[in-house]
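Here is a short briefing on one protein structure. It covers strands, a helix and aromatic contacts.

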Amino acid sequence: MRGLPALLPVLSLALAQTVIPFWHTAGPPGDRVLEEAIRSFNAGQNAYRLEARYVGDYREAGVKLLAALRSGRPPALFHAELSFLPRLAKEGLALPLDAYLQDLPQDLYPAPLKAGQVQGRTYGLPLGVSVPALYYNKDAFRAKGLKPPMTWAEVERAAEALTSRTAKGMVIATDVWSFNAIVMSLGGSLVKDGLPAFTSKEAVEALEMLYRMVQKGHAQARNLAEAQFAVADFLRTKAFMGIGPTTALPVVLAQTALPFQVGYAPLPRVPGGAVPLSGAVLVVLKGAGPEEARGAVAFWRHFLEPKRQADWVRTTWYLPLRRAAEAELKDFLQDPERRAVFAQVEAARPWSQDPELVVWYGYLEEALEKSLKQGVKPRVALEEAQKKALAAEGR
């Protein structure tokens, strides 16, 4: 029994520690940075312990979370894709965190912080947020004497010039994020006054442009089930342009060596147009207590440390969340293309802060596929999606 007094402080410490189950979506290459942050957080203090579990990509994680919520066994902390956050907040499944956010670093960028807010209250702590880029094959552009497109009309002309008997000028994804990026760049939105705006001038203009490129044989449309083929089209020089988040290229480079030089440019946009700020936030779920909320915020503060932020940005190409990280990223941001793409944060806003969009977007993706893969006229396809979305709302 002599050893018992020496063990008592250790036992009481273990009992006092708040354990925080954490489901995250950070796959390679960003998983290395996130897992290191979790290890160092757990080792650097005794009040909290994060128990992390990877639960797949954004959509897979969303499905698993819904199942866990139905069974009454959700984690305390969840890595939620931005379009999922408003729904969690509206249904009371995410806890407001403003009471725990005193004395934050003063150099945090406002746009990512706003991405975690719903109706002015903070429900999500930004972990990784990105902007879109227009990726292009530099070798193919040089061969044709082309410059990176700065307008959508130039994108169409470049797609035509790059198209050959064996390759398309552009690959187009029929998912809601890619389409919304174009709509926002034209100054529009997929939601207006809490209702779907699938037949807005900007939405129709966006789909008509994509439809023209496909019908002329200058672009290849790929649906969500064909996402891997969309990437393969670009990698195998079967297409020479495509839209994706800044984070897409590091994922590809972590898996394969490219046979050509990749260029990336800001998304074309009209005056008053915006670019979508996408990514994911940390959400404390209903059922978690105040100590778990405090622990989640403490971990987020740990993640914001400038050197760790710089490592995260270099590894993933997510945007830095605070200005202090840029001192560690001077060489990284010296690349003019990367600097121009990252500078889009000045025109960025969250791609979706409307809880209903997660209910409606399936109708829109169905319309995009019908138009771009089956030839249905853009306005007809969008009107059908609008009717279905309004019916789901009971309007």
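**Strand β14 and its partners**

β14 pairs with strand β15 (residues 348–350) in the parallel sense, over three bridges. The model is predicted.

*Around β14*

- Strand β3 (residues 77–81) runs antiparallel to β14, and five bridges join them.
- Within that pairing, H79 stands opposite L282 of β14.
- Strand β6 (residues 125–130) is also joined to β14 by five bridges, again antiparallel.
- Here P126 faces V281 of β14 as its opposite residue.
- How many residues of β14 (residues 275–284) are buried? The count is 10 of the 10, so the strand is largely enclosed by the rest of the structure.

*The three-stranded sheet*

- Three strands form an open sheet in the order β12-β7-β13, and their pairing is antiparallel.
- β12 (241–245) and β13 (262–265) are the edge strands, each pairing on one side only.
- On average, neighbouring strands of this sheet are turned by 35 degrees against each other, direction ignored.
- Four bridges hold the antiparallel pairing of strand β7 (residues 132–137) with β13.
- N137 stands opposite V262 of β13.
- In a regular strand, side chains alternate between the two faces of the sheet.

*Helix α3*

- Helix α3 (residues 58–71) has 14 residues.
- From first C-alpha to last, α3 reaches 20 Å, close to the 20 Å expected at 1.5 Å a residue.
- A61, G62, L65 and A68 of α3 are buried.
- Why do these four count as being on the same side of α3? They cover an arc of only 125 degrees around the axis, which puts them on the same side.
- V63 and R70 are exposed, on the other side of α3.

*Aromatic pairs*

- A pair of aromatic rings is described by the distance of the centres and the angle of the planes.
- The structure holds 10 aromatic pairs.
- One of them is F303 with W312: the ring centres are 5.1 Å apart and the planes stand at 80 degrees, so the pair is edge-to-face.
- F303 has 0% relative accessibility and therefore counts as buried.
- W312 is buried too, with a relative accessible area of 1%.
- F332 and F342 make another edge-to-face pair, with 5.9 Å centre to centre and 70 degrees between the planes.
- F332 sits in the loop between α13 (306–316) and α14 (336–342), while F342 is in helix α14, so this pair ties together parts that are 10 residues apart in sequence.
- Both F332 and F342 are buried.
- Ring pairs also link F22, F41, F299, F303, W312 and Y318 into a cluster.

*Charges over rings*

- Which ring does the charged end of R53 sit over? That ring belongs to W23, and the charged end of R53 is 4.8 Å from its centre.
- R338 lies over the face of F332, 4.1 Å from the ring centre.

Note on methods. Residues are numbered from 1 along each chain as its sequence is written. Side-chain values use heavy atoms; hydrogens and water are left out. Two strands pair if DSSP finds at least two bridges between them. Helices (H or I, at least four residues) and strands (E, at least two) are DSSP runs, numbered from the N terminus. Axes are lines fitted to C-alpha atoms, for helices over the stretch in contact, and angles run from 0 to 180 degrees between N-to-C directions. Rings of Phe, Tyr and Trp (its six-membered ring) pair if their centres lie within 6.5 Å; planes under 30 degrees apart count as stacked, over 60 as edge-to-face and the rest as tilted. Buried means under 20% relative accessible area, exposed over 50%, partly exposed in between (1.4 Å probe, protein chains only). A charge sits over a ring if NZ of Lys or CZ of Arg is within 6 Å of the ring centre and within 35 degrees of the ring normal. The expected span of a helix is 1.5 Å times one less than its number of residues. The arc is that of the directions from the helix axis to the C-beta atoms.
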